[in-house]
Each structure stands twice: as C-alpha cells, then as structure tokens.
Amino acid sequence: KSGGSLTLNDSGTFANSLVLDGGTLEVTGQLMLSGVVSQQSASKIKLAQSANLTTQQAVDLGSSALSLEGPGTFTNGQPFVLNQSGTGLEFRDSVEVTGAVKLGGGVLRSSGDSKLSGALSLSSDASIDVAQDKTLTYSGAEVSIGQNTLTMEGGGKLLNSSALVLDDGQSDLTLDGIGQISSVRVDADSA
C-alpha cells in the first residue's frame with residue numbers, strides 16, 4: 001500500500017525486503033533490517049526515543065528524498081548513496097545517523113538538530129543544506145572535496161570536528177547562506 005504507515009515495535013530482525021512508497025515506517029525498539037530496503041517515492045522513517053534501526057544492506061533511495069526523523073538512531077551498514085538528481089536525505093528532529101553518506105548529485109538536508117558520525121564523501125558536485133537556527137553535528141572523518149563543488153546552504157550551522165578539505169586545485173566550497181562551519185582546510189594550490 002502506498003502512503004501507508006507501518007510501526008515495528010520491540011526488538012529483533014526483519015529479514016524480508018521492505019519497499020517504502022510514500023509512507024512512514026515507525027520504529028520504537030532495537031530493530032535489524034537484514035533484507036533490501038528501497039523506496040519508490042519520498043518516504044519517512046521515524047525513530048522513537050532510544051530506538052535504533054540497523055540496516056545490513058544498502059538503502060536504495062531511488063530518485064526520491066528519504067526523511068529520517070528522530071530522536072532515535074539510524075545505523076546504516078552500507079553508505080547512503082545520493083547520486084541522482086532529486087535524490088535526497090533529510091535529517092529531522094534530532095535524529096542520529098551512524099553510517100556513511102556518499103554525496104554526488106543529491107542533497108543532504110538537516111532541518112533538525114541532528115548528528116552524523118559516519119564518513120561523509122563526495123563523488124561529484126553536491127549540496128548540504130542546514131535549516132535556519134538548526135545544527136548538523138558531524139563527527140566523521142575529514143571530507144575531501146577533490147575536483148568537486150560542495151555547496152553549503154541554509155542559515156544553520158555545520159559543527160564538524162574534522163575539516164572540509166580543499167585538496168585539489170579545482171576544489172570549490174561555495175557558501176550560500178550557511179551560518180557557520182567549524183573547520184575548513186586548504187591543502188592545494190589554485191594554480
């Protein structure tokens with residue numbers, strides 16, 4: 001059923017494939033999804049206080065945005081890959097994401113005070129949008145911008161404990177209204 005809601009309570013392993021199609025998956029316990037998770041249209045995963053959803057396989061975002069809502073934790077065993085126009089990942093309501101995110105054509109949005117502790121990487125030009133008066137706390141490894149453009153948007157803050165690194169002569173960090181970035185380092189000449 002598209003647009004519906006499914007609530008998974010308690011703890012355990014859900015071994016079947018799960019297709020999100022405009023609906024909401026609510027998790028209240030400590031759940032492992034070992035099957036394939038994919039979405040056909042923009043969907044939402046809502047994690048209750050102290051809830052933890054762990055995925056073993058990559059989550060296929062398709063060409064839509066997936067909203068992860070806290071205050072619980074999402075532990076993705078394989079990176080979220082945002083490599084298509086229209087693909088997006090939105091962090092809301094103090095969600096914590098502990099797995100990797102690969103940006104390349106999609107947009108990472110934070111509309112809540114959220115946390116990302118997995119590695120953040122770029123495969124092509126990408127955007128991070130932090131909403132006004134909100135904070136995205138990033139505690140993963142340094143982010144190599146390489147020969148790409150990383151656009152930082154919104155009026156919020158990126159509190160990054162590891163630097164955004166301009167490590168190539170073609171690296172470009174575009175600041176478009178972002179309120180604060182904690183750490184940026186230049187390792188390359190612009191020649």
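## Salt bridges in the model

The structure holds four salt bridges, and it is a predicted model, so that every value below is computed from predicted coordinates. Side chains of opposite charge can pair when their charged atoms come close.

## Glu69 and Lys44

One of these pairs is formed by Glu69 and Lys44, whose closest N and O atoms are 3.6 Å apart.

Glu142 and Arg185 meet through their side chains in a salt bridge with an N to O distance of 2.5 Å. Because Glu142 lies in the loop between strand E20 (135-138) and strand E21 (143-144), and Arg185 in strand E27 (residues 184-186), the pair ties together parts that are 43 residues apart in sequence. Glu142 is partly exposed at 41% relative accessibility, and Arg185 is likewise partly exposed, with a relative accessible area of 31%.

Arg185 also meets the side chain of Asp187 in a salt bridge, here with an N to O distance of 2.9 Å. Asp187 counts as partly exposed, its relative accessibility being 47%.

Through salt bridges that share partners, Lys44, Glu69 and Arg92 are joined into one network.

Notes
Residues numbered from 1 in each chain as written. Predicted model: local features only at pLDDT ≥ 70, side-chain atom pairs only at ≥ 80, totals over all residues. Heavy atoms only, no water. Helix = DSSP H or I, 4+ residues; strand = E, 2+ residues; numbered from the N terminus. Buried < 20%, exposed > 50% of the residue type's maximum accessible area, 1.4 Å probe, protein only.
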